[in-house]
Amino acid sequence: MAVGEDEHILAAARRAGLVLPSLCEQGWALACAVRVLEGEWDNGDARRYYREDEGAGFALICTAKPRSDLRLRTHQTAAMRRSRDAHGLPAPRGT
Ligand code: FES
């Protein structure tokens, strides 16, 4: 799947016909969380994204842009919540 340099990954996925979880589309609810298996990304457009999220390899694809080729594991909301809990960070539960 091709993603433009300034395109959010979720938007590109939709364009490609993929149906993936999402909710707020602003980078705070964790509904679109993925684990990055390979590659670099920029989650600077997210409303709430922490250095610890990046360190644990989680991205919020509604607001993430690629900075290299990426390999992602989707449907990681629960895992990202656990990581946030482990770091004492906010982990929305409404999704
Ligand atoms: S859809 Fe809410 S964090 Fe991505």
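**Exercise 1.** Classify arginine 71 as buried, partly exposed or exposed, and find its salt-bridge partner.

Solution. Step 1: arginine 71 has a relative accessible area of 45%. Buried means under 20% relative accessible area, exposed over 50%, and partly exposed in between (1.4 Å probe, protein chains only), so arginine 71 is partly exposed.
Step 2: a salt bridge requires a side-chain nitrogen of Lys or Arg within 4 Å of a carboxyl oxygen of Asp or Glu. Arginine 71 forms one with glutamate 38, with 3.0 Å between the closest N and O atoms.
Step 3: this pair links distant parts of the chain, 33 residues apart: arginine 71 lies in strand 5 (residues 71–73) and glutamate 38 in strand 1 (residues 33–38). Strands (E, at least two residues) are DSSP runs, numbered from the N terminus.
Step 4: glutamate 38, at 46% relative accessibility, is partly exposed.

The model is predicted: local features need pLDDT of at least 70, side-chain atom pairs count only at pLDDT 80 or more, and totals for chains, interfaces and linings use all residues. Residues are numbered from 1 along each chain as its sequence is written, and side-chain values use heavy atoms, leaving out hydrogens and water.

**Exercise 2.** Which residue forms a salt bridge with aspartate 42?

Solution. Step 1: the partner is arginine 67, the closest N and O atoms being 3.7 Å apart.
Step 2: aspartate 42 sits in strand 2 (residues 41–42), and arginine 67 in the loop between strand 4 (65–66) and strand 5, 25 residues apart.
Step 3: aspartate 42 is partly exposed at 31%, as is arginine 67 at 38%.

**Exercise 3.** How many salt bridges does the structure hold?

Solution. The structure holds 7 salt bridges.

Terms used:
Helices (H or I, at least four residues) and strands (E, at least two) are DSSP runs, numbered from the N terminus.
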